[in-house]
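Keep the structure open while you read.

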Amino acid sequence: MITKLLSDGSRVYGALGYDMDEGTYLLFNTGAVILAAGGYTALYDRHSSRDDENTGDGPALAYEAGATLADIEFVQFHPTGMVGDRYGEDWDGRLVTEAVRGEGGRLFNAEGERFMEEYSPDQMELDARDVVARAIESEIEAGRGTENGGVYLDISHRDRAFIKERLPRMYERFDSLGVDMSTEPVEVAPTSHYGMGGVVTDETGKTDVAGLYAIGETMAGVHGANRLGGNSLVETVVFGKVAGEAVADRVDGPGELPAPLGTDLAERHLAGLDAMAGADGSLTPEDALAELRMILETHAGIRRHETELREGLDELADLRERAGDLAVGDRTSQSFEFAVDLGFAFTVAEALLRGALERTESRGAHYRRDYTDRDPDWRRNIQYLRTADGEMRTDTATPGEPSPAIQDAVDADHELDYHQLE
Ligand SMILES: Cc1cc2nc3c(=O)[nH]c(=O)nc-3n(C[C@H](O)[C@H](O)[C@H](O)COP(=O)(O)OP(=O)(O)OC[C@H]3O[C@@H](n4cnc5c(N)ncnc54)[C@H](O)[C@@H]3O)c2cc1C
């Protein structure tokens with residue numbers, strides 16, 4: 001697990017970390033680093049990935065190394081995650097594939113109303129993720145959700161053979177939980193699924209720190225304010241190739257290899273990890289992460305508001321102070337891993353709350369109940385930078401213009417009327 005990039009703020013010299021099985025420290029002295037450490041959606045209580053991934057490592061490692069982050073406030077919530085109170089906590093937030101709606105699945109509230117008729121009479125259940133997620137949350141908030149805190153997704157009008165053929169994995173999963181999708185609805189609620197924000201890069205994945213590249217969900221800017229289903233896997237393949245080629249060119253180039261690493265930074269960082277291993281404090285990293293997740297879930301969810309975002313920032317600051325007194329296991333324990341994750345999580349959660357507060361409009365996946373319209377003046381990226389004294393500073397930047405090929409595709413006004421990928 002990588003815990004720190006070796007950087008003087010303008011150039012990266014490698015990375016530090018530890019072997020999670022052995023507990024030994026690792027030091028990589030390299031000419032370039034490509035960060036591909038995923039996103040930050042598991043910083044919400046309900047999320048679609050595992051608990052130990054997408055905790056913000058990628059963006060936070062880059063930020064601490066001197067790189068600029070952007071768009072962290074844009075978080076995509078998938079409309080249909082499984083409901084923990086109905087299927088067990090282990091399943092909470094796990095995806096019910098969009099294909100269930102693609103194959104004709106209908107959403108109903110607890111009063112039996114097909115509520116998408118009100119929110120999106122033309123597109124109904126197949127409207128964009130943010131529209132459907134907001135509709136579900138509005139129904140639940142209005143008291144029309146199920147007693148388990150979800151709504152119903154019903155495909156029981158299709159026969160069993162059809163469901164088993166078209167949605168085999170979904171059928172099997174619910175069948176194993178004692179639910180027959182061909183005779184009864186399943187319970188779903190939105191779940192945090194993809195972070196559009198991340199590290200600012202150029203079109204080769206290069207950041208503003210020499211030698212540092214970021215790709216995949218760690219990078220910002222590829223999906224604007226709202227990713228379309230399926231585009232993330234494409235992104236990982238495309239930028240893996242592009243950044244790989246850029247780095248290969250760079251390390252082969254004359255005079256480009258960085259100078260050897262000084263040891264001070266590494267020694268200081270490893271001493272910090274030493275002090276954390278076995279620390280005998282009062283708060284476990286697991287509990288601290290759970291609290292942080294609840295802060296974002298409650299204060300920076302699907303439909304945001306200034307008052308709640310400010311409360312979220314206050315609660316985060318309070319938690320950060322208490323997290324100075326952690327109770328941590330040894331370096332091979334999961335609690336040590338979570339303690340490292342917690343450090344990354346604080347950085348990204350702060351950026352998210354600050355950006356969501358600053359963006360006084362609704363755009364893409366970012367929705368403000370107190371600013372429900374898109375504001376043309378806000379056609380800007382919020383950027384997050386680390387000051388010399390370690391504080392977070394925000395700035396804004398004008399987004400670039402699309403290339404002619406992309407603009408042509410936008411002008412063609414394609415309609416997305418069937419969802420198969422997440
Ligand atoms: C359930 C689910 C279904 C999805 N379905 C689709 C789909 O159908 N189509 C689509 O386009 N997208 C889909 N997505 C989104 C897509 O899968 C992700 O955006 C994509 O996998 C991101 O790839 P990545 O390589 O950037 O990061 P990841 O796949 O998250 O990989 C990051 C890797 O870095 C490692 N890592 C993290 N931190 C550290 C650290 N500190 N040190 C060392 N290693 C670290 C992690 O262990 C992981 O192996 C889905 C996501 C989920 C959760």
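From which domains does the lining of the largest cavity draw at least three residues each? The answer is domain 1 (2-74 + 196-397) and domain 2 (77-190). Keep in mind that this is a predicted model.

**The cavity**

How do you find a hole in a protein? Rolling a probe the size of a water molecule over the atoms shows where empty space is left. Here, a search of the whole structure turns up 1 cavity of 30 Å³ or more. The space in the largest cavity comes to about 60 Å³.

V75, Q76, F77, R129, D130, A133, R134, N226, I302, A365 and Y367 line the largest cavity. Two elements, β6 (75-82) and α5 (129-144), each give two or more residues to this lining. The biggest giver is α5, with 4 residues. Sorted by class, the lining has 6 nonpolar, 2 polar and 3 charged residues.

**The salt bridges**

Next, the charged pairs. The count comes to 26 salt bridges. Here are three of them, with the distance from N to O:

| Salt bridge | N to O distance |
|---|---|
| E187 and R86 | 3.7 Å |
| R331 and D274 | 3.0 Å |
| R320 and E350 | 3.0 Å |

Start with E187 and R86, whose side chains meet in a salt bridge. E187 sits in strand β9 (residues 186-195) and R86 in helix α2 (residues 84-87), so this pair ties together parts that are 101 residues apart in sequence. Buried or exposed, what is E187? E187 is buried, because its relative accessible area is 7%, under the 20% cut-off. R86 has a relative accessible area of 33%, so R86 is partly exposed.

Then there's R331 with D274, also joined by a salt bridge. R331 belongs to the loop between α11 (306-322) and α12 (334-358), while D274 is in helix α9 (residues 264-276), so the pair ties together parts 57 residues apart in sequence. R331 is partly exposed at 23% relative accessible area, and D274 counts as partly exposed too, at 42%.

R320 is partly exposed, with 36% relative accessibility, whereas E350 is buried, with a relative accessible area of 14%.

Finally, salt bridges can join up into a network: here E73, R359, E361 and R363 are linked that way.

Note on methods:
Residues are numbered from 1 along each chain as its sequence is written. This is a predicted model: local features need pLDDT of at least 70, side-chain atom pairs count only at pLDDT 80 or more; totals for chains, interfaces and linings use all residues. Side-chain values use heavy atoms; hydrogens and water are left out. On a 1 Å grid over the protein atoms alone, a cavity is a set of points where a 1.4 Å probe fits but cannot get out, and a pocket is an open set with protein on both sides within 12 Å along at least five of seven lines; lining residues have an atom within 4 Å of a point. Grid points are joined across faces, edges and corners, and a volume is the space filled by probe spheres set on the points. Ala, Val, Leu, Ile, Met, Phe, Trp, Tyr, Cys and Pro count as nonpolar, Asp, Glu, Lys and Arg as charged, and the others, Gly among them, as polar. Domain bounds come from an automatic or database domain assignment. A salt bridge is a side-chain nitrogen of Lys or Arg within 4 Å of a carboxyl oxygen of Asp or Glu. Buried means under 20% relative accessible area, exposed over 50%, partly exposed in between (1.4 Å probe, protein chains only).
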